[in-house]
Each structure stands twice: as structure tokens, then as C-alpha cells.
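Please keep the sequence and the model at hand while going through the points.

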Amino acid sequence: MKESKTIEYITINQNDRLWGMVVNSVGYQSKEAHADHPSGLHPKKYMFTKKGGRVLPEFQILYLTRGEGVFFCESLGRENPIRVKEGDMFILFPGEWHSYYADEDSPWDEFWIGFEGMTPTKWVENGLISPSHPIFHVGMMENVISTYERAIQLSKTQKTGYQQMLSSIANYLVAMALYYNANNDSSETTRDFITKAKLIISEEIATISPESLARKVGIGYSKFRKIFKSYTGFSPGQYIYEIKMLKAKELLDTTDLSVKSIAIELGFGSDYFVTAFKNKTGYKPGEYRRISLSRNRYVRE
């Protein structure tokens with residue numbers, strides 16, 4: 001019944017808290033099948049039992065790298081077990097009752113990092129993460145594992161600036177959970193037509209409309225818009241506009257084309273292009289080009 005554990009509990013000072021996010025603990029736990037889980041090796045405030053669960057004063061993001069089990073939380077119902085398996089990440093929220101444990105005959109390896117502060121609190125307030133969606137199907141990713149291992153190493157050495165490095169790692173892990181989950185939850189068919197849509201936008205930037213884009217990828221516009229926004233974070237119209245603005249900056253930076261020619265190439269009327277570009281960047285196209293040329297000249301010198 002072998003078990004191994006690495007736990008680093010981290011000191012925090014007031015200057016650390018000014019960063020907006022601090023890390024409380026980093027750790028790793030490994031147990032073989034039929035060993036007790038949850039373990040009784042945690043300090044009192046982190047202890048919990050299968051049925052009793054616990055409520056933490058902080059966030060934690062865990063990554064299960066071996067085994068299978070169940071997860072419960074208040075927002076999804078104390079009697080509603082959610083299956084978790086290797087490759088899953090899940091977030092524990094401060095003040096939210098939860099419990100999780102391995103199946104009796106399953107081994108269990110997990111990494112975790114605990115954190116708190118204004119930044120993650122804002123994530124919840126703005127709906128970026130939510131106790132009602134705590135599970136992320138990431139898959140087995142070597143770079144996720146190495147990120148946790150880096151956090152453990154930093155917490156052991158505690159060199160100057162380590163708390164800020166750790167909080168950046170916690171931020172990065174949450175971002176990876178969101179990113180990989182979104183990509184893994186998308187079917188191959190969905191990924192294919194999103195890729196096709198992006199290619200069409202690139203090739204037909206001056207003339208493409210959201211509705212014609214949906215027709216070209218072979219799907220009704222209402223459904224296309226919903227899927228496209230879920231996948232990219234933009235509606236098709238917003239995405240086309242963003243790509244046009246990026247292309248405009250590129251042409252202003254790297255060519256001698258006139259502002260009028262760039263407007264025509266991107267499918268804008270000349271006056272509207274000037275207005276749209278200034279609304280987006282704060283500068284008229286000509287002003288942006290002069291500033292960009294001056295900056296590039298300075299860098300070369």
C-alpha cells in the first residue's frame with residue numbers, strides 16, 4: 001500500500017499580495033491501488049474525508065496524472081458524483097464544499113497548486129471560471145506536468161521573486177486548463193470547419209461576410225455563429241473585423257501602399273477605414289504609420 005507525497009507550504013508577505021495573486025501551497029501525491037485516499041497527511045485545514053469533504057479558504061487547481069475516481073462539489077450537488085480520470089484538471093473554489101477520491105482499486109497520482117487573491121476572485125466575478133464548471137478535460141500533457149514540477153522546485157528553493165513566479169505559474173495552469181479543455185471538447189469535424197473558415201477569411205478578407213462564410217463551410221448561419229464564437233471567443237463578424245485590423249497594421253508597417261489602397265484591399269470605404277482604424281488603435285492610419293516607422297528606425301539604430 002505505497003504512498004508518496006511532496007507538499008510545500010509557502011510563506012506570503014504583504015508585498016507579495018500586491019501582485020494580485022499569491023500561492024499558498026504546491027504539491028504532488030501518489031498512491032497505489034487500495035491505499036487510503038484521501039490521505040491523512042495534510043495539515044488540519046486541508047484535511048478531509050470522503051463523506052465529510054472540506055471547504056478551503058483558497059483556490060486550488062489539481063491535475064490527475066494517473067487513476068480514476070469521483071469528484072463532488074456543492075454547486076453540482078453533494079449527491080452527484082462526477083467521474084474524473086487521468087488527464088483531467090479540476091478547480092477547487094474557496095468557500096465551496098467539495099470532496100474527491102480514487103476508486104478503491106485505482107492508483108492515484110495528482111499535482112496541485114493552491115492560490116488566492118484579487119485576480120482569481122475577478123475571474124469568478126467575470127464568469128471566466130465557475131464552481132458550476134470545475135472539471136477540465138485536458139488530456140495527458142507533458143508541458144502541464146513539467147509546469148507543476150517547476151512550481152514544486154521553485155517552492156523548495158524560495159529564491160528572490162519566487163512568489164511572483166509561482167503566481168504566474170498558477171495563472172498559466174488555469175489558462176492551460178481552459179485552452180486544452182476547449183480544444184479537446186471540440187469534435188474533429190468542428191475543428192475542421194473552423195480551420196476552413198479561418199482560411200477562407202484569410203483568402204477573401206475584402207469580400208467575405210459572416211453569412212457567406214457560413215454558406216461556404218456548409219452550415220446554417222445561426223448554428224455556425226454559435227459554434228464559431230464558442231471556439232474562438234468572437235462572433236464571425238467580430239473575428240473578420242479583428243483580422244482586417246491586424247492586416248491593416250501589417251500593411252501600414254511593411255508596405256508603401258497608400259491608406260486608400262489598403263482600405264480597398266481590405267474591403268473598406270476610405271473614410272470608414274480611417275474612422276474604424278482610429279476607433280481600434282487610437283490613431284489614424286497615417287499617424288500609426290509615422291509612429292511605427294519612427295519606432296523601427298530607432299530600433300535599427
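1. Two rings of Phe, Tyr or Trp (its six-membered ring) pair if their centres lie within 6.5 Å; planes under 30 degrees apart count as stacked, over 60 as edge-to-face and the rest as tilted. The structure holds 18 aromatic pairs by this rule.

2. On sources: this is a predicted model, where local features need pLDDT of at least 70 and side-chain atom pairs count only at pLDDT 80 or more, while totals for chains, interfaces and linings use all residues. Residues are numbered from 1 along each chain as its sequence is written, and side-chain values use heavy atoms, with hydrogens and water left out.

3. Phe59 and Phe93 form an edge-to-face pair, 5.8 Å centre to centre with 65° between the planes. Phe59 lies in strand S3 and Phe93 in the loop between S5 and strand S6 (98-102), so the pair ties together parts that are 34 residues apart in sequence; strands are DSSP runs of E (at least two residues) and helices of H or I (at least four), numbered from the N terminus. Both Phe59 and Phe93 are buried, meaning under 20% relative accessible area, with exposed over 50% and partly exposed in between (1.4 Å probe, protein chains only).

4. Phe115 and Trp123 also pair edge-to-face, at 6.4 Å centre to centre and 65° between the planes. Phe115 counts as buried because its relative accessibility is 0%; Trp123 counts as buried at 12%. Elsewhere, ring pairs link Phe193, Phe224, Phe228, Phe234 and Tyr239 into a cluster.

5. A nonpolar core is a set of buried Ala, Val, Leu, Ile, Met, Phe, Trp, Tyr and Cys residues joined through side-chain atoms within 4.5 Å. The largest has 32 residues, and Ile61, Met89, Ile113, Phe115, Val144, Tyr148 and Leu173 touch the most other members. Elements supplying at least two residues each include strand S7 (108-116), H3 and helix H4 (162-185). H4 gives the largest share, nine residues. A second, separate core of 27 residues includes Leu213, Phe228, Ala248 and Ile262.

6. Helix H3 (residues 142-157) has 16 residues and reaches 23 Å from its first C-alpha to its last, close to the 22 Å expected at 1.5 Å a residue; the expected span is 1.5 Å times one less than the number of residues. Among its buried residues are Val144 and Tyr148. Gln158, which follows H3, has a positive phi, near 50°.
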